[in-house]
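Reader: I have a new model on my screen and want to learn how to read it. Can you take me through the features one by one?

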Amino acid sequence: MNKSIYLDYAAATPVDEEVLAAMQPYFSEQFYNPSALSLASKRVKSVLERARADVAGVLGCRPAEVVFTAGATEANNLAIQGVGRRWPDSEILVSAIEHDSVRAPAGLFAAREIPVNPKGVVELEKLAKMINDKTVSVSVMYVSNELGSIQPLSEIAQLVEAERQRRRRSGNKRPLYLHSDAAQAGNFLSLNVARLGVDMMSLNGGKIYGPKQSGALYVKAGVRLKPLILGGGQEMNLRSGTENVPSIIGFAAALTKAQSLREEQQRRISRLRDEFIKQVTQRLPQAEINGKAKAMAPHIVNLQIPGTDNERLMMQLDEAGVICAVGSACSASSEEASHVLSAIGLGEAQARSSLRFSFGRPTTETDIVKTVKVLSSGI
Ligand code: PLP
């Protein structure tokens, strides 16, 4: 049987061989608990802290500002619930295209949605009007996992900073934090937290050729959160439990490698993406790209083919050897059409005829040509 063409890298990436090799010793020979007092444990602890310093180097922050988590879902929950529980009687603003791991915890508190425009980009003027005296955090993802649109984080950070200054003058003691879910950004974009202007940022190893359920939350010094998991006080008291050392080592190695490759990958995958769009729209003139923002991460194409049923088409493609996705993998079991496509103004029928194709390091031009062939012959 021919190997399938995998075009769902926004859902999961294979673990890089070097990353796997870096993790290997920490499952068996170097299994020690980093919090114990033996010399062997201290050696493991120092490797763990080196991994934290490596991640901090990528983010341009201090190591103590990096909290390792089991993936972006947990990081998002810590950022949203950690603030919501620390500052009750406040309001949280989240963009209308956030992943459910932001939307669901935000729903536990007073929260409102920041609208996006039809291109899938947060509307800054509307956001500026929504921030009020009670707002404690604003959560806007870096890259949309369904559309690929890049959000204007630095501009949002400026709005947030202006509001902080206003509060200082008016004596409002409530903090205002900017959080961003950067789960889809690590392979292609700079993660420098100072330049982005974020106070918290969620990262995920499983999308950057590292292990699943690995990741981190950047928490700027001075941001006060209530932990979700209480116990032995690991991870600066924000995430108790014996550290998952192999996973943390793998995450740090994956992040460092992804960032060293990002410019080259940005160029290469952009070319493949452009070629895919060109060929698809030539062969299927009725097809449309959903959410064409000016700034796009290169790896995601959300394709609408009017008159098709996305679930049926996805399964036909799968049988023909092409793996793609219906919306986000994490909500694939949901009966509802994508909230993201609805937020950019698509109706139910348009959303139900949309598929997501996402590209990764192993994707080749031949994969693109074959996929377009299968796609256009099946419709
Ligand atoms: N945030 C975004 C933008 C994502 O794309 C994903 C995964 O698809 C997540 C969060 C959740 O990541 P995980 O399930 O690995 O925790």
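Reader: Is Asn-310 buried or exposed?

Author: This is a predicted model, so every value here is computed from predicted coordinates. Buried means under 20% relative accessible area, and exposed means over 50%. Asn-310 has 7% relative accessibility, so Asn-310 counts as buried.

Reader: Where does Asn-310 lie, and what does the side chain of Asn-310 reach?

Author: Start with the element. Asn-310 lies in helix H9, which covers residues 310-319. Then look for a partner. The side chain of Asn-310 reaches the backbone oxygen of Ser-354, at 3.0 Å.

Reader: Now a loop residue. Where is Ser-338 found?

Author: Ser-338 sits in the loop between strand E11 (322-323) and helix H10 (339-343). Ser-338 has 16% relative accessibility. The cut-off for buried is under 20%, so Ser-338 counts as buried.

Reader: Which polar partners does the side chain of Ser-338 have?

Author: One is a side chain. Ser-338 makes a polar contact with the side chain of Glu-146, at 2.8 Å. Another is backbone. A polar atom of the Ser-338 side chain lies 3.0 Å from the backbone nitrogen of Leu-341.

Reader: Let me step back. How many helices and strands are in the chain?

Author: The chain has 12 helices and 12 strands. Next comes overall shape. The radius of gyration is 21 Å, close to the 21 Å that the globule rule gives for 379 residues, so the chain is as compact as a globular protein of that length. For the outline, picture a box. Along the principal axes, the C-alpha atoms fill roughly 60 × 55 × 35 Å.

Reader: What share of the residues is buried?

Author: Buried residues make up 56% of the 379 in the chain. Ser-180 is one case. Ser-180 is buried, with a relative accessible area of 0%.

Reader: Where is Ser-180, and how far is Ser-180 from Ser-202?

Author: Ser-180 lies in strand E6, residues 177-181. Compare sequence with space. Ser-180 and Ser-202 are 22 residues apart along the chain, and their C-alpha atoms are separated by 6.4 Å.

Reader: And how far apart are Ser-377 and Ala-128?

Author: Ser-377 and Ala-128 are 249 residues apart in sequence. In space they are 47 Å apart, C-alpha to C-alpha. Ser-377 is placed in helix H12 (residues 365-377). With 61% relative accessibility, Ser-377 counts as exposed.

Reader: What about backbone angles? Which phi value does Gln-213 have?

Author: The general idea first. Most residues other than glycine have a negative phi. Now the case. Phi of Gln-213 is near 55 degrees, a positive value. Gln-213 is in the loop between strand E7 (200-204) and strand E8 (215-219). With 59% relative accessibility, Gln-213 counts as exposed.

Reader: What is phi for Met-236, and where is Met-236 placed?

Author: Phi of Met-236 is near 55 degrees, also a positive value. Met-236 is in the loop between E8 and helix H8 (245-283). Met-236 is partly exposed, at 37% relative accessible area.

Reader: Last one. How many disulfides are there?

Author: A disulfide is a covalent bond between the sulfur atoms of two cysteines. The test is a pair of sulfur atoms within 2.5 Å. By this rule the count is zero. Cys-61 counts as buried at 15% relative accessibility. Cys-324 counts as buried at 4%.

Key:
Residues numbered from 1 in each chain as written. Predicted model: local features only at pLDDT ≥ 70, side-chain atom pairs only at ≥ 80, totals over all residues. Heavy atoms only, no water. Buried < 20%, exposed > 50% of the residue type's maximum accessible area, 1.4 Å probe, protein only. Helix = DSSP H or I, 4+ residues; strand = E, 2+ residues; numbered from the N terminus. Rg over C-alpha atoms; globule rule 2.2 N^0.38 Å. Polar contact = N/O pair within 3.5 Å; in protein donor to acceptor, adjacent residues only side chain to side chain.
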